[in-house]
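Please keep the sequence and the model in view while reading.

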Amino acid sequence: MIKFLIDYLNIGPDDVPFNLLRYITFRSGAAAMITFVLSVMFGSWVIRKLISLKVGQPIRTADEVHKLAELHGQKAGTPTMGGVMILATFVLAILLFGDLQNPFVFAVAFVTICLGALGFVDDYTKVVKKNSDGLSARWKLIIQVLVSGSVGAFLFFYPDPEIRDVISKIYLPSVKEPILDLGVFCIPFFVLVIVGASNAVNLTDGLDGLATGCTVTTAGAFAMLCYVAGRPDWAGYLDIPHLSYASELMVLAFALVGACLGFLWFNCHPAKVFMGDTGSLAIGGCLAMFAICCKQEMVLVIIGGVFVMEAGSVILQVASFKIRKKRIFRMSPIHHHFELKGWKESQVITRFWILSIIFAFIGLATLKVR
C-alpha cells in the first residue's frame, strides 16, 4: 500500500523524509518492527482469547507413546493455533510495506495464506476431536499439492520473460551455470519443494520455540539471498541468477522474522502458546517460496538444515522399521531422540538453534563458492 502511494504521489529522492519509504531496506526494517511490536502487544490478548475458546493442544496419550506422554503431559491444554498471530501480522506487513504488484509477493502470500488456512482447519479438527489427530494425511497432502501446483503454474506461465527464462532452471551452490532446465516439469519440482518444506517445519514444531527460532535464522538468511538476487550488480558479481522481482521479498522475509520473534516472546520455554499447524505449515511454504523465487532451492537444504534433519530422521526411522524391523533413533523426529538420551528440553532447543545459525552462515557462504 505504501509502495503504491509512493509511486502514485511520485515521491522522489529529495522528498525528505518520505523518500525513505522508497527503499526496500527501510521497508524491510519497518515490516520487521511492526510485526514484532504488534505480536508482543496483542499476544497476551490472543492467548486469553484462545484459552476462552478452549483450543488447548491435545497431547499424545500414554497408550500412543508412553515416554513422550511423560515428557510433555504437562503441556496438555496449552492453547494452540497461535500461528494466527504470525499470519495476521505477516499479512498486515505485506499490505502496508510490500509491493502488491510484484508477482513474487503475490505468490509467496498466496502459498502462506492457503497453507495457513489448511493448518487452521487441521488444528481446529484436533481440538474438536480432543486428540492429536487432525485432518487425514491424504487430504492434507492433496490440498498442499493443489496449492503448490497452482503457484508453480503461475510462475512458469507468467508472461514476463525475465521470470520465464530463469524460473524453470536448477542451480547448484558451487556451479555458475544452471545444471538443468526442467521446463514445464519445474511445476512438480516446486510442489516437492513446497510440500517438503511445509511438512519439515511441521515436524520440527515439537518443542517450545524450536521451529520458531529456526525460522528466524532461515528467513533472515533468505532475506539476504533475495535482496542479492534482485540486484543486477551483486548478482552478477556473485554469479547467481538475477531476478529483479526477488529483492522485494526481503520485505516479506523480515516481516516473517519480526512476526516469529514476537511469537517467540510467548512461545519460548515454557510455552504459553503453540503455533500449531496454522503456523508451521504456513512458515514452511513461505520459506520454500523464498528459495524458489531467488532460485536457491538447493541452498534451502543447507540453510534449513535443522528442518532437513527433523524430516530426514522421520523418513529414516520409518524406512528402517519397515525394512529391518529396527529403529535407528529412540524416537523421531530427532529432537525427541535427544530428549530420551537425557537432554533437557531447553538444551535441545538451544543447541538446535545454534545449529540453525551455523547452517545459515554456511548457506550464505555458498554465495561466493562458485
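The model is predicted; local features need pLDDT of at least 70, side-chain atom pairs count only at pLDDT 80 or more, and totals for chains, interfaces and linings use all residues. Residues are numbered from 1 along each chain as its sequence is written, and side-chain values use heavy atoms, with hydrogens and water left out.

**Salt bridges**

Side chains of opposite charge can pair when their charged atoms come close. A search of the whole structure finds 8 salt bridges, each defined as a side-chain nitrogen of Lys or Arg within 4 Å of a carboxyl oxygen of Asp or Glu. The table lists some of them.

| Pair | N to O distance |
|---|---|
| R27 and E248 | 2.6 Å |
| R231 and D233 | 2.8 Å |
| K295 and E297 | 2.6 Å |

Because R27 belongs to helix α2 and E248 to the loop between α10 and α11, the R27 and E248 pair ties together parts that are 221 residues apart in sequence. Helices here are DSSP runs (H or I, at least four residues), as are strands (E, at least two), numbered from the N terminus. Both R27 and E248 are buried, where buried means under 20% relative accessible area, exposed over 50% and partly exposed in between (1.4 Å probe, protein chains only). By contrast, R231 is partly exposed at 26%, and D233 is partly exposed at 40%.

**Backbone geometry**

K295 also has a positive phi, near 60°, although it is a residue other than glycine; K295 is placed in the loop between α12 and α13 (297-303). D239, likewise not a glycine, has a positive phi of about 60°. D239 sits in the loop between α10 (232-238) and α11 and is partly exposed, with 31% relative accessibility.

Two cis peptide bonds may be located in loops. One joins H269 and P270, with omega about -5°, and P270 is in the loop between α11 (249-267) and α12. Another runs from S332 to P333, with omega near 0°; P333 is found in the loop between α14 (305-324) and α15 (334-340).

**Cavity**

Which residues line the largest cavity? The lining consists of I86, L87, F90, T112, L256, A282, I283 and C286. The elements that give two or more residues to this lining are α4 (83-97) and α12 (276-293). By class, the lining residues comprise 7 nonpolar, 1 polar and no charged; Ala, Val, Leu, Ile, Met, Phe, Trp, Tyr, Cys and Pro count as nonpolar, Asp, Glu, Lys and Arg as charged, and the others, Gly among them, as polar.

The search finds 1 cavity of 30 Å³ or more, and the largest cavity holds about 40 Å³ of space. A cavity is a set of points on a 1 Å grid over the protein atoms alone where a 1.4 Å probe fits but cannot get out, and lining residues have an atom within 4 Å of a point.

Helix α4 also contains M85, which is buried at 5% relative accessible area. The C-alpha atoms of M85 and G43 are separated by 7.3 Å, although these residues are 42 residues apart along the chain.

**Surface patch**

M33, V37, M41 and F42 form a nonpolar surface patch with about 400 Å² of accessible area together. Patch residues have over 30% relative accessible area and no salt bridge, and nonpolar side chains are joined within 5 Å. Accessible areas come from the Shrake-Rupley method with a 1.4 Å probe. M41 lies in helix α2 (residues 24-52) and counts as exposed at 54% relative accessibility.

Terms used: On a 1 Å grid over the protein atoms alone, a cavity is a set of points where a 1.4 Å probe fits but cannot get out, and a pocket is an open set with protein on both sides within 12 Å along at least five of seven lines; lining residues have an atom within 4 Å of a point. Grid points are joined across faces, edges and corners, and a volume is the space filled by probe spheres set on the points. Patches are made of residues with over 30% relative accessible area and no salt bridge: like charges are joined within 9 Å, nonpolar side chains (Val, Leu, Ile, Met, Phe, Trp, Tyr) within 5 Å.
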